[in-house]
Amino acid sequence: MLGIAFFVLFAAAWAAATFGGFVSKTFLADPVTMLREGWTLFAKYGFAGDIAITVWRVVGGFVLAAACAVPLGIAMGAYKPIEAFFEPFVSFARYLPASAFIPLLILWAGIGEMQKLLVIFIGSFFQIVLMVAVAVGATRRDLVEAAYTLGASARGVVRRVLLPSAAPAIAETLRLVLGWAWTYVIVAELIGASSGIGHMITDSQALLNTGQIIFGIIVIGVIGLISDFLFKWANQRLYPWSLA
Amino acid sequence: MSALAIEGVGRTFPGVPGGVPTIALQPVTLAVEDNDFITILGPSGCGKSTLLRIVAGLDTPTTGRVVLDGAPVTAPGADRGMVFQSYTLFPWLTVHENICFGLREKTMPKAKQDEIAAHYIARVGLAGFEQHYPKTLSGGMQQRTAIARALANDPKILLLDEPFGALDNQTRSLMQELLLGIWETEKKTVLFVTHDIEEAIFMAGRVVVMSARPGRIKAEVAVDLPHPRLYTVKTTPEFSALKARLTEEIRVEALKVAVAA
């Protein structure tokens, strides 16, 4: 309830600033204009299509990154030599800002879908690898030893102890990184795209339509909130044992 | 021939770079016969857990070797079941699944697994809790499950590292009777590490007393109390005499630690 209260307070402050005439309409649209512009977006400019293409890009790039990063992270967390081999490079690559790759990726892959997917992939892959490796490496030592005394092989320990033990933390990692993937896709769309939420925002900037810009930003926030909620719900269903 | 032979097993931990290495265990030799129940009694930090971990294959000795049924121990295996002091049930598995862990590793048919699990669940008094996750169980119930899990694997020898150390006194005595009852009917070779004198006497056929660090075997005391043993045995004169003797042995060692500290 307190969480909702702050949303209300925030909207009220915004309304007061704009309706009260404290801020020029050119720079900040009021909430009602914003909603009306939002409606126009859907009705006249096919904004639903923009949302769909952006969601597709995020999910596509993210799933691709996760599919490559989770197995590598698990291997690094489970086997010390593999970790020693990859860890320094991954730690270095993690600090390379994905958005700085955009000009390069445009050169390489143009401004098509491939470029968007690659931005998200670069932004997500190294983060997931490191966080999954840490989660797997943090498996309780005594559980691993118990499994060995029960006759488990090294492979059995990975499959039946390390994986299930780290699964909730891995799911949590994916939830976090998906949130970041949203930032990368919008940046990629702001710089070079002919569709998507980010593209709509650049278009609206050219027309000084702050109502549409704010509406676009809020849509991103809402989608993020929904995906976060779905992830949390799925985690609770999948890993009931990990709840306190 | 004895089932388990500990032959001159010693363990030295390398110190921090530049520091002196720590001798945790001086060479220990001990022969364990089939179906022996041996308790290893010693003050904290005497290396008794290290010795047990070496038998389990979780630690490697610096000197000597451990031989089980003629084969040297080099790694952990299903023939040596272990119950730890810390709660080591897999939190993502139910009681039933935990007990089946080792059986599944042997790719035993599901029906046979269920049959064995049901037997040991009944044996440790956990019927009705099969589908519970460990976090919903008390400490005593978790340790009973851990014992059932180790026994279900049908190991040649059962290793217990202060399994009741974290339990309250009442639960602890009930657990002692439960484990002893299982041993009396199912017959197993058992190595049981503890620092509790009463526990060491009550459970054992033979008590091995270890000295303060660096650990070595200081005395071996046979316990000839009749089976089946009930908690009432703890108030008999024979029990008291053994307790007085072991208390004296341990006290000397504990004093050494206290003086050194």
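Trainee: Quick one. B:Pro228 is found in the loop between which elements of chain B?
Mentor: Between E10 and H8 of chain B. Helices (H or I, at least four residues) and strands (E, at least two) are DSSP runs, numbered from the N terminus.

Trainee: What kind of peptide bond joins B:His227 and B:Pro228?
Mentor: A cis one, with omega about -10°. Keep in mind that this is a predicted model: local features need pLDDT of at least 70, side-chain atom pairs count only at pLDDT 80 or more, and totals for chains, interfaces and linings use all residues. Residues are numbered from 1 along each chain as its sequence is written, while chains are lettered from A and ligands numbered from 1 in the order in which they are written.

Trainee: What is the mean pLDDT of chain B?
Mentor: The mean is 91, and 98% of the residues of chain B reach 70 or more. pLDDT is the predictor's confidence in each residue, from 0 to 100.

Trainee: Which elements of chain B have the lowest and highest mean pLDDT?
Mentor: Helix H8 (residues 237-260) of chain B is lowest, at 86. Helix H2 (residues 95-99) of chain B is highest, at 96.

Trainee: And what ipTM does the predictor give the complex?
Mentor: An ipTM of 0.91, with a pTM of 0.85.

Trainee: On to the contact. How many residues does it take from each chain?
Mentor: Chain A gives 13 residues and chain B gives 22. Two residues are in contact if their C-beta atoms, placed from the backbone, lie within 7 Å.

Trainee: Which element gives the most on the side of chain A?
Mentor: H7(A), with six residues. The elements giving two or more residues to that side are helix H7 (141-149) and H8 of chain A.

Trainee: How do the residues on that side divide?
Mentor: Eight nonpolar, three polar and two charged. Ala, Val, Leu, Ile, Met, Phe, Trp, Tyr, Cys and Pro count as nonpolar, Asp, Glu, Lys and Arg as charged, and the others, Gly among them, as polar.

Trainee: Stay in chain A. At what angle do H2(A) and H10(A) pack?
Mentor: About 80°, with their axes 8 Å apart. That makes H2(A) roughly perpendicular to H10(A). Angles under 35 degrees count as roughly parallel, over 145 as roughly antiparallel, 65 to 115 as roughly perpendicular and the rest as oblique. Axes are lines fitted to C-alpha atoms, for helices over the stretch in contact, and angles run from 0 to 180 degrees between N-to-C directions.

Trainee: Which residues meet there?
Mentor: From H2(A), A:Thr33, A:Met34, A:Glu37, A:Gly38 and A:Leu41. They meet A:Gly211, A:Gln212, A:Ile214 and A:Phe215 in H10(A). This contact divides into four nonpolar, four polar and one charged.

Trainee: What about helix H9 of chain A: which residues are buried?
Mentor: A:Ile197, A:Gly198, A:His199, A:Met200, A:Ile201 and A:Ser204. A residue is buried if 20 or more other C-beta atoms lie within 10 Å of its own, exposed if 12 or fewer, and partly exposed in between; C-beta atoms are placed from the backbone. The cover over these buried residues includes helix H3 (47-78), helix H8 (154-191) and helix H10 (210-238) of chain A.

Trainee: Which residue just after H9(A) takes a positive phi?
Mentor: A:Leu208, at about 55°. A:Leu208 is in the loop between H9 and H10 of chain A. A:Leu208 is partly exposed, with 13 other C-beta atoms within 10 Å.

Trainee: Now chain B. Is B:Thr107 buried or exposed?
Mentor: Exposed, with 7 other C-beta atoms within 10 Å. Phi of B:Thr107 is near 50°, a positive value in a residue other than glycine. B:Thr107 lies in the loop between helix H3 (101-105) and helix H4 (110-123) of chain B.

Trainee: What is the strand order in the open sheet of six strands?
Mentor: E6-E7-E8-E3-E9-E10 in chain B, with mixed pairing. The edge strands are E6 (80-83) and E10 (217-222) of chain B, and each pairs on one side only. Two strands pair if DSSP finds at least two bridges between them.

Trainee: In what sense do E9(B) and E10(B) pair?
Mentor: Antiparallel, over five bridges. B:Arg206 has B:Ala222 in E10(B) as its bridge partner.

Trainee: Last one. How many residues lie between E4(B) and E5(B) in their hairpin?
Mentor: Two. B:Asp69 in the turn has a positive phi of about 50°.
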